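Subject: Two-chain model for you to look at

Dear colleague,

I am handing over the structure below, and after it I set out what was found in it. Please read the notes with the model open beside them.

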Amino acid sequence: MSVDEDLSELHARLINGELRAASKIVEQAILPLVRIVSASTSLKDRQEVEQQCFDALHRYLGSPSDYQPTKAPLLNYLAAIAIGLAKTAARSANRRILRDGVYAQLRALEGPVEEESLRIRVKEWPEVRKQVEEDLVKDPGDAELLDLMADGEDCPANFAAAIGMVGDEAGQEEAMKRVERMRGRIRRLGKRNAK
Amino acid sequence: MNKSRADERETKRLLLAMASSARLRPDTIGGAIAAWEKANTGKDAGTYLRADGHQMAKVSITPLPVGSGMPKQAMALATDLAIDGFALVNLLRFVASARAMTESKNDGERLLAALDHDIDDGIDGETP
């Protein structure tokens with residue numbers, strides 16, 4: 001059975017009130033959905049891409065009858081929602097950058113902003129911290145991760161605990177991926193500042 | 001469909017991440033679990049539902065069942081996921097009553113919501 005056939009059957013079960021089908025749909029669709037959306041949008045931040053996919057899935061699960069199986073496979077429907085959300089998020093981010101002029105202010109800092117120096121600056125300059133946070137803190141738990149990183153924390157279990165994940169291997173893996181993404185955002189911020 | 005081990009790990013990670021985002025959504029069971037934990041300081045919903053992290057993720061991303069069919073749907077879901085069905089029903093009733101009280105416009109509505117909750121579940125929403 002193909003993914004599309006699996007999802008079609010699970011959709012029919014969900015429509016019939018079988019709640020268990022919801023998490024089965026997510027398990028089937030989430031990985032291909034993230035890959036499709038990653039390849040189809042200008043969003044560079046993997047965590048943001050994933051969040052748009054989660055939002056698309058939540059939107060569908062909250063109102064599954066909006067999906068018309070005769071028009072397109074469920075994965076295409078979900079991808080269309082997620083890509084639309086991703087484009088909106090990208091436009092919103094661009095508008096915010098222009099409005100706040102945060103990078104103009106960051107250019108006043110000397111040289112490229114590396115993670116280490118950003119740590120100190122983020123701690124020492126509350127106003128810049130507030131503006132930098134808008135670019136770095138995108139999801140619940142990001143502020144806690146940023147605080148731990150600024151304090152030099154390196155224990156995966158502590159990162160996992162800070163974002164409310166279970167302390168097992170999968171929870172720590174997710175926490176460290178989010179830390180890596182945070183580092184990526186800081187690097188991109190530094191590169192833009194260096195231009 | 002056969003998935004590689006790497007894909008399985010990635011799927012599991014994404015499921016956990018989505019469950020985390022579901023806690024912010026009142027239309028999911030994850031949102032109800034977050035509300036229950038906020039109202040029951042110090043209690044762990046995973047322990048209450050007898051669910052491990054993966055089971056919690058699956059139940060959290062599920063849309064919130066509402067209305068008269070809620071107990072039946074919740075019990076069926078709990079049976080499928082091998083978690084405590086009575087605890088899940090009580091948790092969902094507790095949160096439904098708490099939300100009804102919060103959203104009610106006057107003392108009379110609040111009293112009715114509180115009475116509904118007491119009759120259904122016991123004062124603190126614990127399993128009878």
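Helix α2(A) has 21 residues and reaches 30 Å from its first C-alpha to its last, close to the 30 Å expected at 1.5 Å a residue, where the expected span is 1.5 Å times one less than the number of residues. Helices here are DSSP runs of H or I with at least four residues, strands are runs of E with at least two, and both are numbered from the N terminus. Within α2(A) there is a kink of about 40° at A29(A), shortly before the proline P32(A); the bend at a residue is the angle between axes fitted to the seven residues ending there and the seven starting there. Because 15 of its 21 residues are buried, α2(A) is largely enclosed by the rest of the structure. A residue counts as buried if 20 or more other C-beta atoms lie within 10 Å of its own, as exposed if 12 or fewer do, and as partly exposed in between, with C-beta atoms placed from the backbone.

Before going further, please keep in mind that this is a predicted model, in which local features need pLDDT of at least 70 and side-chain atom pairs count only at pLDDT 80 or more, while totals for chains, interfaces and linings use all residues. Residues are numbered from 1 along each chain as its sequence is written, and chains are lettered from A and ligands numbered from 1 in the order in which they are written.

As for the two chains, chain A has ten helices and zero strands, and of its 195 residues 34% count as buried. Chain B has seven helices and zero strands, and 41% of its 128 residues count as buried. Two residues are in contact if their C-beta atoms, placed from the backbone, lie within 7 Å. In chain A, residues 24 or more positions apart account for 57% of the contacts with a separation of 6 or more; in chain B, 58% of the contacts between residues at least 6 apart in sequence join residues at least 24 apart.

Where the chains meet, 28 residues of chain A are in contact with 27 residues of chain B. On the side of chain A that touches chain B, α2 (20-40), α3 (46-62) and α10 (169-194) each supply at least two residues, and the largest share, eight residues, comes from α2(A). The residues on that side of chain A divide into 14 nonpolar, seven polar and seven charged, with Ala, Val, Leu, Ile, Met, Phe, Trp, Tyr, Cys and Pro taken as nonpolar, Asp, Glu, Lys and Arg as charged, and the others, Gly among them, as polar.

The axes of α2(A) and α1(B) come within 9 Å and cross at roughly 100°, the axes being lines fitted to C-alpha atoms, for helices over the stretch in contact, with angles running from 0 to 180 degrees between N-to-C directions. That makes α2(A) roughly perpendicular to α1(B), a term that covers angles of 65 to 115 degrees. V26(A), E27(A), I30(A), L31(A) and V34(A) of α2(A) make this contact with D7(B), E10(B), T11(B), L14(B), L15(B) and M18(B) of α1(B), and by class it has seven nonpolar, one polar and three charged residues.

Helix α4 of chain B (residues 53-60) also involves α2 of chain A. Its buried residues are M56(B), A57(B), K58(B), V59(B) and S60(B), and the buried residues of α4(B) pack against α2 of chain A together with α1 (5-22), α2 (29-39), α3 (45-49) and α5 (70-81) of chain B. V59(B) is buried, with 31 other C-beta atoms within 10 Å. Not counting residues up to four places away in sequence, V59(B) touches I29(B), A51(B), L77(B), L81(B) and I83(B).

R50(B), in the loop between α3 and α4 of chain B, has a phi near 55°, a positive value in a residue other than glycine, and R50(B) counts as partly exposed with 14 C-beta neighbours inside 10 Å. A82(B), in the loop between α5 and α6 (85-103) of chain B, has a positive phi of about 60° although it is not a glycine, and A82(B) is exposed, with 11 other C-beta atoms within 10 Å.

With best wishes

Definitions and conventions
Angles under 35 degrees count as roughly parallel, over 145 as roughly antiparallel, 65 to 115 as roughly perpendicular and the rest as oblique.
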